[in-house]
Every structure is written in structure tokens, then in C-alpha cells.
There are 2 protein chains.
Amino acid sequence: MSSSLRIGELAERAGCLVETIRYYERLGLMPAPGRSLGNYRLYGDTHVDRLLFIRRCRSLGMSLAETKQLLDLHDAPDRICRDIDRLIDDHIVRVNDRLAELQALQLQLKRLRSQCHRVRTVKECGILKSLKDEGNTGRRQARRRAAPA
Amino acid sequence: MSSSLRIGELAERAGCLVETIRYYERLGLMPAPGRSLGNYRLYGDTHVDRLLFIRRCRSLGMSLAETKQLLDLHDAPDRICRDIDRLIDDHIVRVNDRLAELQALQLQLKRLRSQCHRVRTVKECGILKSLKDEGNTGRRQARRRAAPA
DNA sequence: TGACACCCTATAGCTACTGTAGGGTCAAGA
DNA sequence: TCTTGACCCTACAGTAGCTATAGGGTGTCA
């Protein structure tokens, strides 16, 4: 029953590329499987489960680092699950933030788009004008040493 | 009036890092400026405008490739501006798509989070259970040659 | 003269893969 | 038996958009 899959079959089950699985193995997310006589990787059911778990985390937008944390928690089943809650909560916050950013962005783009008043040439294009003038950019970064006191 | 800024001052005006400006220059988004006797880059007003334009496009989520297209259109002021409209429209569509994806994701995460019923150990954690069982992943990719007919 | 902020080039690192080169394995068909 | 073709292997380069580091040079002030 503990099937013996080759990497291509595993990839198909998980809906990912063969290269992705080898990549996860290099990163230590997937354990190195046994090998056939011809040096082919051979996977069992636990590998299938683990890969599906990883892919599901990824499809929920988690990073590989977060996914690794969840896997580690999963491998220590007697720990309290508050850590898992926290990880998911943090992720929800990040997704919310990104969502708000994108919504603001969408609004700005629509405003920008409305600047085009059917003129004919680029020279008179309201969109380009807006892109040039508006806001003058966020001024977030600018890494230079602090001015001496 | 056509100021002569060093790269650090330009970076500060645009709210980006010095390295980012040099990176844009390597990519051809920023033209190579003149140099001082000591080989320092010296920028004028046109460079300031161009960098602000780029940063504004980036802050609107456009790729550098899209930004380059807009810059090229900008440099050919007699072309019809329909191309600009189209570029912005395409971008709006992509932002909308991403927004919808994120909203679906947020819903899934909240459902996932609600699986935790205040149990104590990871072993019994409903979140991990959901991550293992649910949906069995999208099965999108899986690149293998088509089965022979 | 020294200290320090700033600049230079070249190169490596980040995330999460994806793609390629150059080979080996394995099963089926001629 | 030989060949074909799908599949596998390792190692490495490439993607986007920066960011960081090493190892140097420049410019200004005390």
C-alpha cells in the first residue's frame, strides 16, 4: 500500500513541477527519499502528504519559511498549538495589509485612467501628465547616515 | 538652475536607495549621466523628473518593463496616446485579478483560523488538520509530455 | 594629516521557482 | 539486439527588483 512513486508521478499528484520538488528537497522542506538501483528518487505516502501540505500552504500565500515553521510544529505534535494560531493570524494581517494596498492602488489607477480625455497624441496625454506631476512619490527609503548632531 | 546633483542627493529626492538608481542605469531606464572630475555621477533636472516618473510608476505597481514602455511613449510625443490607455487598462485588469485572488485567500484563511477550537496541543489542532485534508491542492501545473495517443 | 561621509565598480544575495545542458535509465517495439 | 522515447539525474544559470557587501577612491572639514 505504501506506494513507490517516481518524482514525475509525485509531481502530478501535487500539481507542481518536478523541479519544484527537487528544489524543496535542496531547501530541506522535503526529506531526501530513498533511491532505486538506477538512482531514481522513490517516494512513499508520507512524502505525498508532506508535499500536498506544502503546496496547500503555498496556495494560501504563505512563504516557504512560514510553511517550514508549520511543518516543524507539525513534527512536534505535543507542543501547544498557540504557535500555529499566531502564525496564521500574522499571515492574515499581512494579507489584509496587502489587500488594502491593492485597493488603494486600484483607486489611483482608475483616477489615472480617467485623465485621458480622448486627445490624439501622447504629448497632450493627461495620463502621462498625472504620472509626472502627482504626489511626487512617497520618499520612504533614502538610506544615508544620519546627519551628525 | 539646472542643478548638479550627486547620486545620494538624487536618491533622497526620489525616496529610493542609491543602489536602485545605479540599477536603473544598468537596465537602461535611467540615462547615464555626466561625471565629475572624480568620476562621480552628476544629475540634472531631467534626471530628477525621469526618476520620479519611474518611482511613481513603480508605486502604482507597474513592472519595470511597463514603466519602460511608458517612458518610450513619453519620448515619442507625437504618437497617439491610445497605447498609453491600453497599457494602463491592462494594468488595471491585472490589479483587479490580483485583488480578487487576495480576497478569496483572505476568506480561506479566516475559515482556516476558525478551525482552532482552543485545544491545547498541536496534535489535535484543527488548523493543521484542515491544511492536510482540504481541497488537495489546485493541480495546475504538472508538466509531462502529453500521453501518446 | 586624519577622519569621515560619500562615491566608485564588481559581484553575490534575496524569494520561489523555472529552464537548460549534458548526461544516464528503463521499457516497449522493430 | 538495437533503437526510440519518455523519464530521470546533477549542476548551474536565469527570472524580477532590488539590496548588500568587498575593496577601493574622492572631497571636505578640523
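Q: How many residue pairs are in polar contact between chain A and chain B?
A: The count is 4 residue pairs, with both residues at pLDDT 80 or more. That cut-off is there because this is a predicted model, and side-chain atom pairs count only at pLDDT 80 or more.

Q: And how many salt bridges cross the interface of chain A and chain B?
A: The rule finds 2. One of the salt bridges joins A:Arg113 to B:Asp89.

Q: How far apart are the closest N and O atoms in that B:Asp89 to A:Arg113 bridge?
A: They are 2.5 Å apart.

Q: Which elements of chain A give two or more residues to the side that touches chain B?
A: Helix 1 (7-14), helix 3 (45-59), helix 4 (64-74), helix 5 (82-113) and helix 6 (126-133) of chain A.

Q: Which of those gives the most?
A: Helix 5 of chain A, with 19 residues on the side that touches chain B.

Q: What does that side of chain A look like by class?
A: It has 31 nonpolar, 15 polar and 22 charged residues.

Q: OK, what area do the two chains bury between them?
A: About 6400 Å², and 63% of that is on carbon and sulfur atoms. In chain A, the residues that lose the most area to chain B are A:Arg56, A:Val122 and A:Leu131, which together make up 11% of what that side buries.

Q: And in residues, how many are in contact on each side?
A: 68 residues of chain A are in contact with 69 residues of chain B.

Q: Let's zoom in on B:Gln106. Where does it lie?
A: B:Gln106 is in helix 5 of chain B, residues 82-113.

Q: Is B:Gln106 buried or exposed, and why?
A: Buried, because its relative accessibility is 16% and the cut-off for buried is under 20%.

Q: What is B:Gln106 in contact with, leaving aside its neighbours within four places in sequence?
A: A:Val95, A:Asn96 and A:Leu99.

Q: Switching to helix 6 of chain B: which residues are buried there?
A: B:Gly126, B:Ile127, B:Leu128, B:Ser130 and B:Leu131 are buried in that helix, which covers residues 126-133.

Q: What covers them?
A: The cover includes helix 3, helix 4 and helix 5 of chain A, along with helix 5 of chain B.

Q: Now B:Arg118. Where is that one found?
A: In the loop between helix 5 and helix 6 of chain B.

Q: Buried or exposed?
A: B:Arg118 counts as exposed, because its relative accessibility is 61% and the cut-off for exposed is over 50%.

Q: So what is B:Arg118 in contact with, beyond its neighbours within four places in sequence?
A: A:Asp85 and B:Arg113.

Q: How far is B:Arg118 from B:Tyr24?
A: The two are 51 Å apart, C-alpha to C-alpha, and 94 residues apart in sequence.

Q: Where is A:Asn39?
A: In the loop between strand 1 (34-35) and strand 2 (41-42) of chain A.

Q: What about phi at B:Asn39?
A: Phi of B:Asn39 is positive too, about 75°. B:Asn39 sits in the loop between strand 1 (34-35) and strand 2 (41-42) of chain B.

Q: Last one: how many helices and strands does chain A have?
A: It has 6 helices and 2 strands, and from the N terminus the order is α-α-β-β-α-α-α-α.

Definitions and conventions. Residues are numbered from 1 along each chain as its sequence is written. Chains are lettered from A and ligands numbered from 1 in the order in which they are written. This is a predicted model: local features need pLDDT of at least 70, side-chain atom pairs count only at pLDDT 80 or more; totals for chains, interfaces and linings use all residues. Side-chain values use heavy atoms; hydrogens and water are left out. Helices (H or I, at least four residues) and strands (E, at least two) are DSSP runs, numbered from the N terminus. Contact means heavy atoms within 4.5 Å. Buried area is the accessible area (1.4 Å probe) that two parts lose on being put together, summed over both. A salt bridge is a side-chain nitrogen of Lys or Arg within 4 Å of a carboxyl oxygen of Asp or Glu. A polar contact is a pair of N or O atoms within 3.5 Å; within protein, one must be able to donate a hydrogen and the other to accept it, and residues adjacent in sequence count only if both atoms are side-chain atoms. Ala, Val, Leu, Ile, Met, Phe, Trp, Tyr, Cys and Pro count as nonpolar, Asp, Glu, Lys and Arg as charged, and the others, Gly among them, as polar. Buried means under 20% relative accessible area, exposed over 50%, partly exposed in between (1.4 Å probe, protein chains only).
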